[in-house]
Amino acid sequence: MTSDVPKTVGLIAGNGRLPFAFAEAARARGVSVAAVAIRQETDPALEGQVDRAGWFHVGELSGMIAFLKAAGCNDVVMAGQIQIRHVFEDWEKLAVDPLALDLLTRMGD
């Protein structure tokens, strides 16, 4: 019998308590959690609640994807807020990579 429960789930973690609640619930079900932690947003304490964490700027989309693939994630959940000021305040802090830039330019307004 196969299970629909993934072995490892990706968590794109913003700020607040929701990433912690998700990680706790997933791990209680025997699911490993690989967290994409967002610089200036994710609480560093989340690292102690997940199996693996990688720290990224908002615009490092290629790095996030590579991290999640390396962790064996086929399913990814976003939990927690990303403050919009971090997206528009300082373009250099975003560390926008070519993949993220391509996505942003195709999105329009």
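1. The secondary structure of the protein chain amounts to five helices and four strands, where helices (H or I, at least four residues) and strands (E, at least two) are DSSP runs, numbered from the N terminus. Along the sequence, the order of these elements is β-α-β-β-α-β-α-α-α. This is a predicted model, in which local features need pLDDT of at least 70 and side-chain atom pairs count only at pLDDT 80 or more, while totals for chains, interfaces and linings use all residues. Residues are numbered from 1 along each chain as its sequence is written, and side-chain values use heavy atoms, with hydrogens and water left out.

2. Of the 109 residues in the protein chain, 33% are buried; buried means under 20% relative accessible area, exposed over 50%, and partly exposed in between (1.4 Å probe, protein chains only). The accessible surface of the chain comes to about 7,000 Å², and carbon and sulfur atoms account for 55% of that surface. These areas come from the Shrake-Rupley method with a 1.4 Å probe; for residues, only the protein chains shown count as cover. Among contacts (heavy atoms within 4.5 Å) between residues at least 6 apart in sequence, 61% join residues at least 24 apart.

3. Strand β1 deserves attention next. Six of the six residues of β1 are buried, so the strand is largely enclosed by the rest of the structure. In a regular strand the side chains alternate between the two faces of the sheet. Here both faces are covered, with Thr-8, Gly-10 and Ile-12 buried on one side and Val-9, Leu-11 and Ala-13 buried on the other.

4. β1 pairs with β2 in the parallel sense over six bridges; two strands pair if DSSP finds at least two bridges between them. Within this pairing, Val-36 of β2 is the bridge partner of Ile-12. The chain passes from β1 through α1 to β2, and this β-α-β crossover is right-handed, meaning that, with the strands pointing away from the viewer, the path from the first strand over the helix to the second runs clockwise. β1 also runs parallel to β4, to which five bridges join it, and Gly-10 has Val-76 of β4 as its bridge partner.

5. Which residues make up the largest nonpolar core? This core holds 12 residues: Val-9, Leu-11, Ala-13, Phe-20, Ala-23, Ala-26, Val-31, Val-33, Ala-35, Leu-46, Val-50 and Ala-79. The elements giving two or more residues to this core are β1 (8-13), α1 (18-28) and β2 (32-38). A second, separate core of 10 residues includes Ile-12, Phe-56, Met-64 and Leu-68. A nonpolar core is a set of buried Ala, Val, Leu, Ile, Met, Phe, Trp, Tyr and Cys residues joined through side-chain atoms within 4.5 Å.

6. In helix α1, the buried residues are Pro-19, Phe-20, Ala-23 and Ala-26. These residues cover an arc of only 135° around the axis, which puts them on the same side of α1; the arc is that of the directions from the helix axis to the C-beta atoms. They pack against β1, β2 and β4. The face of α1 turned away from the buried side carries the exposed residues Leu-18, Glu-24 and Ala-28. Gly-30 follows α1 and has a positive phi, near 80°.

7. Helix α2 (residues 61-70) has Met-64, Phe-67 and Leu-68 as its buried residues. Viewed down the axis of α2, the buried residues fall within an arc of 95°, so they line one face of the helix. Their cover includes β1, β2, β3 and β4 (75-79). On the other side of α2, Lys-69 and Ala-70 are exposed. Just after α2, Gly-72 takes a positive phi of about 85°.

8. Arg-52 belongs to strand β3 (residues 52-56) and counts as partly exposed, at 36% relative accessibility. Leaving aside neighbours within four places in sequence, Arg-52 is in contact with Val-33, Ala-34, Ala-35, Phe-67, Ala-70 and Ala-71. The C-alpha atoms of Arg-52 and Leu-68, 16 residues apart in sequence, are 9.9 Å apart in space.

9. Gln-40, in the loop between β2 and β3, is partly exposed at 48%. Most residues other than glycine have a negative phi. The phi of Gln-40, however, is positive, near 70°.
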